[in-house]
Amino acid sequence: MELDFEVDQITNSIENVISGEVFETLVSLATKEQIIEKTDWVFDWKSEIRDETKSVFFLTTENDPITIHGMISLIDKGDHIFMNLIESAKSNKGKNKLYKGVAGNLVAFACKTSFEKGYDGIVSFIAKIQLIEHYSDTLGAKLFGKTRMYIDTEESYTLTMNYFKNFDI
Amino acid sequence: MINFEKMDDKDFVFINESFNEKEERVFSNFLKERKAEKLKIVDSKRISKQHAQTVNTRI
């Protein structure tokens, strides 16, 4: 199933780690014509976009809609949203990242999508073993089986409301 | 529990794999059962409330 909306979504913001300046952000659906510099990304986002079973979204700031700060690939599973891939731009990775809040924005977008689809906010993903605790601590994600994690309705609502102030179920 | 402060301490990485049909069904059934359970609780609360109102009206 494909997600059936392409409208840009205004999210909360990302913060410049150096200046502390906060920028309003947009989440947009990536199209096949999307310009993606291969050197900026570890994952092959072009092939992810070409895959029609997935919907890829990218995060930019309102004042610079060209520079992509992060990307997420979602699959509509019919009863929840599955986060297939997530990646912050090279400049937003590691301890010297330029902007904070990129991953949070994108995960919250997945949560919001799940509510909009009528899936009670349920979002799942496969976690790297080493990051299970981090996802549990920061997203409130719960483990199902060995590596599948899911964000439950309550946590999903908290995440959505934190990043999308005007969201209404 | 959600901790927004710690969210950027580590880079988020998901494993780019898909589950087989059986694994998908197990999770899907889990979601279905939970939803049914929640609806049952809501229903029983509604019935209790209605019952209490009826009793009050009679009194």
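**Close-up views of a predicted two-chain model**

**View 1. A salt bridge joins Asp120(A) and Lys35(B).** The side chains of these two residues approach to 3.4 Å, N to O; a salt bridge is a side-chain nitrogen of Lys or Arg within 4 Å of a carboxyl oxygen of Asp or Glu. The pair crosses between chains: Asp120(A) lies in the loop between helix 2 and strand 7 of chain A, and Lys35(B) in helix 1 (residues 21–58) of chain B. Helices (H or I, at least four residues) and strands (E, at least two) are DSSP runs, numbered from the N terminus. Asp120(A) is partly exposed, with a relative accessible area of 32%, and Lys35(B) is also partly exposed, at 39%. Buried means under 20% relative accessible area, exposed over 50%, and partly exposed in between (1.4 Å probe, protein chains only). The model is predicted: local features need pLDDT of at least 70 and side-chain atom pairs count only at pLDDT 80 or more, while totals for chains, interfaces and linings use all residues. Residues are numbered from 1 along each chain as its sequence is written, chains are lettered from A and ligands numbered from 1 in the order in which they are written, and side-chain values use heavy atoms, with hydrogens and water left out.

**View 2. The interface of chain B and chain A contains five salt bridges by the rule.** One of the salt bridges in the model pairs Arg34(B) with Asp152(A), whose closest N and O atoms are 2.7 Å apart. The contact (heavy atoms within 4.5 Å) involves 27 residues of chain B and 45 residues of chain A. About 3300 Å² is buried between the chains, 61% of it on carbon and sulfur atoms. On the side of chain B, Phe12(B), Phe14(B) and Phe27(B) lose the most area to chain A, together 24% of what that side buries. Buried area is the accessible area (1.4 Å probe) that two parts lose on being put together, summed over both.

**View 3. Lys117(A) and Asp76(A) form a salt bridge within chain A.** The N to O distance is 3.6 Å. This pair links distant parts of the chain, 41 residues apart: Lys117(A) is in the loop between helix 2 (102–116) and strand 7 (123–126), and Asp76(A) is in strand 4 (residues 70–76). Lys117(A) counts as partly exposed because its relative accessibility is 23%, whereas Asp76(A), at 5%, counts as buried.

**View 4. Lys93(A) and Glu87(A) form a further salt bridge in chain A.** Their closest N and O atoms are 2.7 Å apart. Lys93(A) has 25% relative accessibility and so counts as partly exposed; Glu87(A), at 3%, is buried. Elsewhere in the chain, Glu48(A), Asp51(A) and Lys54(A) are linked in a network of salt bridges. Over all chains, the structure holds twelve salt bridges.

**View 5. Chain B has one helix and zero strands, and chain A has four helices and nine strands.** The radius of gyration of chain B is 22 Å, whereas a compact globule of 59 residues would have one near 10 Å. For chain A, the value of 15 Å agrees with that of a compact globule of 169 residues, near 15 Å. The radius is taken over C-alpha atoms, and the globule rule is 2.2 Å times the number of residues to the power 0.38. Buried residues make up 19% of chain B and 56% of chain A.
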